Amino acid sequence: ISDTSPLTPLKTTEACRASHHYQHNHTTAMINNYNNQVTMSSVKVMRAIGMLLQIIEQQDWATFQSAALSNPAYFLAITGAIENCPQYNGMTLLHAVARCNPPSEIVAEMLKI
């Protein structure tokens, strides 16, 4: 996997702190579109994972909250897909979030789900 792939595992904490240059509304709309689908193809799942990892790297916790945590079934499906993806070497969504200094409320909500 190339370094520019959205499937590249998370970079360093410094990268997590870097300023973001994406369009918040566009990203949220794309993820919400995925949330509304009952089943997703593996390509769409990988795209959704890539978008969530970008949101995490950018520490955009409001978008992460609405995209990943607002729908428990979606959250469980995505976390399961990440855990079963060999490219991530056993990394979980919780590991990814924890690397980027999330607010404690985000971690608590993830643990509840």
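These legends walk you through several close-up views of a predicted model.

The model is predicted, so local features need pLDDT of at least 70 and side-chain atom pairs count only at pLDDT 80 or more, while totals for chains, interfaces and linings use all residues. Residues are numbered from 1 along each chain as its sequence is written, and side-chain values use heavy atoms, with hydrogens and water left out.

From the N terminus on, the elements run α-α-α-α-α-α-α. Here helices (H or I, at least four residues) and strands (E, at least two) are DSSP runs, numbered from the N terminus. Of the 113 residues in the protein chain, 41% are buried; buried means under 20% relative accessible area, exposed means over 50%, and partly exposed is in between (1.4 Å probe, protein chains only). Among contacts (heavy atoms within 4.5 Å) with a separation of 6 or more, 70% link residues 24 or more positions apart.

**View 1. Helix 3 packs against helix 5 at an angle of about 95 degrees.**
Helix 3 covers residues 42–57, helix 5 covers residues 72–83, and their axes are 10 Å apart. Axes are lines fitted to C-alpha atoms, for helices over the stretch in contact, and angles run from 0 to 180 degrees between N-to-C directions. The two helices are therefore roughly perpendicular to each other; angles under 35 degrees count as roughly parallel, over 145 as roughly antiparallel, 65 to 115 as roughly perpendicular and the rest as oblique. Helix 3 brings V45, A48, I49 and L52 to the contact, and helix 5 brings Y74, I78, A81 and I82. By class, this contact has eight nonpolar, no polar and no charged residues. In this scheme Ala, Val, Leu, Ile, Met, Phe, Trp, Tyr, Cys and Pro are nonpolar, Asp, Glu, Lys and Arg are charged, and the others, Gly among them, are polar.

**View 2. The largest nonpolar core holds 26 residues.**
A nonpolar core is a set of buried Ala, Val, Leu, Ile, Met, Phe, Trp, Tyr and Cys residues joined through side-chain atoms within 4.5 Å. Look for I49, L52, I56, F64 and M110, which touch the most other members. Helix 3, helix 4 (61–69), helix 5, helix 6 (93–98) and helix 7 (104–112) each give two or more residues, and helix 3 gives the most, with eight. Leaving aside its neighbours within four places in sequence, I49 is in contact with I78, A81, I82 and Y88.

**View 3. Helix 4 and helix 7 have axes that come within 11 Å and cross at roughly 10 degrees.**
That makes helix 4 roughly parallel to helix 7. W61, F64, Q65 and L69 of helix 4 meet I106, E109 and M110 of helix 7. Within helix 4, the buried residues are W61, T63, F64, A67, A68 and L69. Seen down the helix axis, these fall within an arc of 170 degrees (taken from the directions from the axis to the C-beta atoms), so they line one face of the helix.

Most residues other than glycine have a negative phi. N89 is exposed, with a relative accessible area of 69%. At 46% relative accessibility, N101 is partly exposed.
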